[in-house]
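Let's walk through this structure together, from its overall build down to a few of its side chains. Keep the view open beside you as you read.

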Amino acid sequence: MAVAVTVTVPEGWEPGAFKARVDQVLHRFAAEEAGQLTAIDSSLGPVADAVETAVADGKRLRAAFCYWGWRAAGQPDSDALVRAAASMELVHAAAVVHDDLIDDSPLRHGRPTAHLALREAVRDHPQPASAARSLAMLAGDLLMSMAGQLFVTSGLPAAYLGRARPLWAALARELIAGECLEILHTGSAAPDTTISLKVVRYKTAKYTVEQPLLIGALLGGAGERLRAGCSAYGLPLGEAFQLRDDLLGLFGDPALTGKDGSDDVRGHRPTALLAETWRLAGEEDRERLRTLLAAGAGTDKDTGTDTADTGTGTGTADADAVRDVMRRLKAPDRIEAMITARVEEALHALDELDLPGPAAAALNRLAHSAAVRRS
């Protein structure tokens, strides 16, 4: 099911070439940080490896939104700006390491997540699972610190950086608020779409689209109208991005997503997809959902036992049963409609801004890339 939007291919911009520029910045910066870490003590090698692995892959959408916020403000291409934009990907890498740890996710990009990969480094520890989780948490903390470091050393003038610095505090606060809201509402006896959409907005939408776009625009000296337009475009598009992620999490191909297809069900997470299913369900279906979701025993963090390792909790059969209920109630169609509405809202806001041609075309294409994807 695809979102019906018209996409114009931007002139003078090749997404693959841009991604390569960001990858080069990130890989070099992460390698330098890893080298400094292992210089302290060679036993830190596995943590250094986790840091480099966290930035190895990615679509680099957040960097792209930051870049085109800059260009939307009328600024030219800049290697220093690309470095600043790449810092958005380090924020994402930190968030991913922490999120996988909180959710006990076993896979990311088809590889073991940091808290599982680090177990080999602590195999002789009295509590290896707990120790590995602690190392992953600290690796995520380091990645967030690296984001700030890359931003301030990007090469942009201090006066430019000062324009965007206040938004960094808001970005971190709101990202953490979203993660906390998800934790607080995980396992809710009555999933609620309004709450789920608030989690979507603060955990993902703002730091994925709106805030990188705003940071780029602020770096470029954007006025009030452009800043308001960035939010009007970025918030609904960021929500569409996460709603697509919700669908891919259960209905996507794990070979393409690189994630465990039962994660959201096993964790009984407050996704909009689950909330809409609950809203549409009658009492019989709700009782079935209660039974299926209760089967997900989660993780015993006191003993460090992961359901992903032991095979306990909601398995493939239970996830398939939840999918069947969702399909029968047409909940995925509701999420598709929500995605379409948000993409249309974002594109309407974009049209109202009267941006320079390359920026308008690129942001049009990015709207499609963010909302219509298979991974």
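This is a predicted model: local features need pLDDT of at least 70, side-chain atom pairs count only at pLDDT 80 or more; totals for chains, interfaces and linings use all residues.

## Rings, core and overall build

Residues are numbered from 1 along each chain as its sequence is written, and side-chain values use heavy atoms, with hydrogens and water left out.

How many aromatic pairs are there? The count is five, where rings of Phe, Tyr and Trp (its six-membered ring) pair if their centres lie within 6.5 Å, and planes under 30 degrees apart count as stacked, over 60 as edge-to-face and the rest as tilted. Helices (H or I, at least four residues) and strands (E, at least two) are DSSP runs, numbered from the N terminus. Ring pairs also link Phe18, Tyr67 and Trp68 into a cluster.

Now turn to Trp70 and Tyr160, a tilted aromatic pair with 6.2 Å from centre to centre and 45 degrees between the planes. Trp70 belongs to helix 3 and Tyr160 to helix 7 (residues 158-185), so the pair ties together parts that are 90 residues apart in sequence. Trp70 is buried, at 3% relative accessible area, whereas Tyr160 is partly exposed, at 25%. Tyr160 has a charged neighbour too: Arg163 lies over the face of its ring, 4.2 Å from the ring centre. Such a charge counts if NZ of Lys or CZ of Arg is within 6 Å of the ring centre and within 35 degrees of the ring normal. Arg373 is placed over the face of Phe241 in this way, at 3.9 Å from the ring centre.

Next comes the nonpolar core, meaning a set of buried Ala, Val, Leu, Ile, Met, Phe, Trp, Tyr and Cys residues joined through side-chain atoms within 4.5 Å. The largest one has 107 residues, and Ile215, Leu219 and Tyr233 touch the most other members. Helix 4 (residues 79-103) supplies the largest share of this core, 13 residues. Leaving aside residues up to four places away in sequence, Ile215 touches Cys66, Met88, Phe151, Ala164, Leu167, Trp168 and Leu171 (contact means heavy atoms within 4.5 Å).

For another stop, find Arg286 in helix 13 (residues 283-294). Arg286 is partly exposed, with a relative accessible area of 24%. Its C-alpha atom is separated by 9.2 Å from that of Ala190, 96 residues apart along the chain.

Finally, zoom out. The protein has 17 helices and two strands. Its radius of gyration (taken over C-alpha atoms) is 21 Å, close to the 21 Å that the globule rule gives for 375 residues, so the protein is as compact as a globular protein of that length; the rule is 2.2 Å times the number of residues to the power 0.38. Of the 375 residues, 53% count as buried.

Notes:
Buried means under 20% relative accessible area, exposed over 50%, partly exposed in between (1.4 Å probe, protein chains only).
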